[in-house]
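Let's take a walk through this protein together, starting with the whole chain and ending at a single side chain. Have the viewer open as you read.

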Amino acid sequence: MFEASVEAGVLQLAKRDTNWLSTGWDGGFERADAAYNVSVPEGWSRTDLGTYVTERRDRAGFDLSGPALLTGVDLQHARGARLDSVVAYATAGVSNPAALPQEPSSSPVRDADVDDRADEPDGVGTVNIVVGTTRALDDAGIANLLAVAVEAKTATLLAATGFPGTTTDAVVVGCDPDGDPAQFTGSATPVGAAARACVREAVRASLASRYEHRTIPSSVTDAEYGVVTDRRAEVFSP
C-alpha cells in the first residue's frame, strides 16, 4: 500500500513508480515515487512555487520527487481513510468558500467585495485530497477516478458546510501500474466506490478537526474570503 508520513508541515504519500494525475500547480500526468500536500503559513506570498516546494520537501527530509498541492490548512488537521485497494488523505478548510446558487440573479453581483478578497494570499482555506489505489489504471481510468474523488468531495462538503468547494481546491490521484488491472473506476465499481467512501470519511474527519474550536462559515459574507457565482449563462440548443 501507499505509505504516508507528515514532517515539518508536509504530507508525503509514497509508493515507487506510481502514475499520478494532479489538478494542482504544475499538474497533469506524472510518473513519480510520491505525492505531497504542503501547508503554507498565514501571509504566505511566494510565487516561485517550484523552488518553494523543493525547499519545504528538503526541510521535511523527503527526497522523493512528485506532484505537490499547497494548502493554508495546518497538517495537524490532515486525516486519512482506507478501504480495500484505496487510501485517501484530506485537509479541509472553508474560509474561502465558492458558492454556486441554483437560482442566480440575472446580472453580476459583488457579495461584500468577495471578488477582491478571493485574490488575497493569506486565506487559510482549501480542500486538498490525495488518493492512491493499488489497482493498475489506464489514463482514462485515473482521470475518471479523479472525477469520482471530486464528486465525493463536493457531496461531502455540501452536506457538512452548504458549500460545494472553495476557490482553491485541488486533487491528486495515483495508481500502481504493476497492480491488478481495473478497467473502470466509476461510482459503481470497486475502485470508484472505495474512493468515494475514503474521500467522504477523510474530508469529514479533517473538517471535524479543523473546526473543533471554531465555526464553519454559514455564507460567503461570513467567511474570510470567497466568491459567489451569481451570473446566468446563455442556454441554447446545439
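A residue is called buried here when its relative accessible area is under 20%. By that cut-off, 49% of the 238 residues in the protein chain are buried. Keep in mind that this is a predicted model.

Now for the overall fold. The protein chain has four helices and ten strands, and along the sequence they follow the order β-β-β-α-β-β-β-β-α-β-α-β-α-β. The protein chain is as compact as a globular protein of its length, because its radius of gyration of 18 Å is close to the 18 Å that the globule rule gives for 238 residues.

Finally, zoom in on Lys 153, which sits in helix H3 (residues 139-161). Is Lys 153 buried or exposed? Its relative accessible area is 7%, so Lys 153 counts as buried, given the cut-off of under 20%. The side chain of Lys 153 makes a polar contact with the side chain of Asp 169 at 2.9 Å. Leaving aside residues up to four places away in sequence, Lys 153 also touches Val 127, Ile 129, Pro 164, Gly 165 and Val 199.

How values were computed
Residues are numbered from 1 along each chain as its sequence is written. This is a predicted model: local features need pLDDT of at least 70, side-chain atom pairs count only at pLDDT 80 or more; totals for chains, interfaces and linings use all residues. Side-chain values use heavy atoms; hydrogens and water are left out. Helices (H or I, at least four residues) and strands (E, at least two) are DSSP runs, numbered from the N terminus. The radius of gyration is taken over C-alpha atoms; the globule rule is 2.2 Å times the number of residues to the power 0.38. Buried means under 20% relative accessible area, exposed over 50%, partly exposed in between (1.4 Å probe, protein chains only). A polar contact is a pair of N or O atoms within 3.5 Å; within protein, one must be able to donate a hydrogen and the other to accept it, and residues adjacent in sequence count only if both atoms are side-chain atoms. Contact means heavy atoms within 4.5 Å.
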